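Here is a friendly tour to read alongside your own view of the structure. Please keep the viewer open as you go.

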Amino acid sequence: MGDHTLMRFMMIMKPNISEENWAPSAEAIAAMSAYNEELTKAGVLLALDGLQPTAMGARVSFASGQPTVTDGPFTEAQEMIGGYWLIQAKSRQEAVQWASRCPAADGDVIEVRQVYEMSDFADET
Amino acid sequence: MTDTVAAIDAVWRIESARVIGGLARLVHDVGLAEDLAQDAFVAALQQWPRSGIPDNPGAWLMATAKHRAIDQLRHRQMAERRHGQLGRELELEQMASEPDLDAAIDDQIGDDLLSLLFATCHPVLSTSARAALTLRLFGGLTTGEIARAFLVSEATIAQRVVRAKRTLAEARVPLEVPSGDQLTPRLASVLEVIYLIFNEGYSATAGEDWMRPALCEDALRVGRILAELLPGEAEVHGLVALMEIQASRSGARLGPGGEPVLLFEQDRSRWDRILIHRGLTALRRAERLGGALGPYALQAAIAACHARANAPIETDWPRIVALYDALAQLAPSPVVELNRAVAVSIAFGPDAALELVDALRDEPSLAGYHLLPSVRADLLARVGRHDEARAELARAASLTQNAGERRLLAQRAASL
């Protein structure tokens, strides 16, 4: 993958919290709102969402060509996704910079992943 | 490039406009502010690889640059003791020693950014100088990057930037946010520059340096920042909406061979839904502010009609005609008239449209414009005037430089 006209990164938040205290404190919410506003004011934020606890969700796994549905909650730490941001940046380093500025709690992990663009596939056709 | 150096580059990209804007308001000189910011950046490159990137890199850069500003001022004052300067030194020292208060900081950063953008887009500069200076100081691009994007030599851009900074200093352009009667015309100049940068990127063709299409992203970023800084200005949201929706089509507007694909023939599944959503949201912000829509918002509203339709046939053509009517009143131009005629032909049939197009035939600015005879040919064919249609297609073919387009026109003539 070479240079891009448009680079988008998904910052995937894997919070270090259990299913039971999924709802963040008012302070944490305020800090996160300020961070989201910073991303907006910098013109880099494209979209974001926070996810409800896994108890509200389900997992669909596949084996032998068959889907199997398992209802939440799920308990494995570091496997849960709390939400994501989609940002536009000039480089992976810039995306990492933005992720580093997140007012996250100890043990939280933000995975920064580049999004495939149309142009990634155009060359192959 | 080591990881830390790449990280410092990223910090620069994020912080440079704020740092330069803040400094410019202190030293009252955009060029000096940039030099000071650059010095601070060089200091960061020397120190951060050893010390690590500070918690608040923007504040570090700003503080370092402010100290340098004070040093410079002292040197200058020793050389030529002048009265008025003393006050400024005190002001600077105060700024440098005071920790910025959180409550005041947001407004201040906003004003720093705005006053910088209004300066780099000042009408005293030529449009090309405005674009280069804005990308350099507000967009954080290097002169080399700007040169690649505009297909000119780096020396040309460097000279353009130097001259622009000198012009601003000589004209004593104040670093401030225009108010009152001044705001509307000055804002128009800013929006013009942003859209010029966007269009430069949008007009890039396949195989060209990727820095060119990246200009769309740079323009969008400046536009989005401006929309947050001036949330009450409908035309800012209008321009952002227009750029978001146009950018949403970038994956569909070039064919596999790099040839342009017209709007009606584009594979709409390749339109970017996120950008369309953002564009429609920005347009709603413009509309909610009330009052008549300006030229950018009107063009965005037209683009939105296309964006909302899953196929050309599902497009709300009567609404597009109404929007073009409004646009023709506000910002009349022969190209707008021609587009209006196309919309009229789809909404109300070829006869009404032919009348509009016939009125444009003596328009000197469209004399070499191949789309005029091409559109007229289509309308003539639809009302059964085939001989005239063929003649118009031949005329269109003689006016276009594009071989693929000429082939298409010949095919159309043959099928009549």
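## Ground rules and confidence

This is a predicted model, in which local features need pLDDT of at least 70 and side-chain atom pairs count only at pLDDT 80 or more, while totals for chains, interfaces and linings use all residues. Residues are numbered from 1 along each chain as its sequence is written, and chains are lettered from A and ligands numbered from 1 in the order in which they are written.

The score pLDDT is the predictor's confidence in each residue, from 0 to 100. Chain A averages 87, and 87% of its residues score at least 70. Where pLDDT is low, the predicted coordinates should not be read in detail.

## The sheet in chain A

Helices (H or I, at least four residues) and strands (E, at least two) are DSSP runs, numbered from the N terminus. In chain A, 4 strands make an open, antiparallel sheet in the order S2-S5-S1-S6; two strands pair if DSSP finds at least two bridges between them. Strands S2 (45–50) and S6 (109–114) of chain A are at the edges with a single partner strand each, so one side of each has no neighbour in the sheet. From one strand to the next, the twist averages 15°.

S2(A) pairs with S5(A) (residues 83–88) in the antiparallel sense over 5 bridges. One place to look is A:Ala47, whose bridge partner in S5(A) is A:Leu86. Helix H2 (residues 92–100) of chain A packs on the sheet, where H2(A) touches S1, S5 and S6 of chain A.

## Where the chains meet

Two residues are in contact if their C-beta atoms, placed from the backbone, lie within 7 Å. By that rule, 17 residues of chain A contact 20 residues of chain B. On the chain A side, H1 (26–41), S2 and H2 each supply at least two residues, and H2(A) gives the most, with 3 residues.

## A helix pair in chain B

Helices H9 (residues 183–202) and H10 (residues 211–229) of chain B have axes that come within 6 Å and cross at roughly 155°. Axes are lines fitted to C-alpha atoms, for helices over the stretch in contact, and angles run from 0 to 180 degrees between N-to-C directions. That crossing makes H9(B) roughly antiparallel to H10(B), a label used for angles over 145 degrees. Residues making the contact include B:Ile194 and B:Phe198 of H9(B) and B:Leu215 and B:Val222 of H10(B).

Conventions. Angles under 35 degrees count as roughly parallel, over 145 as roughly antiparallel, 65 to 115 as roughly perpendicular and the rest as oblique.
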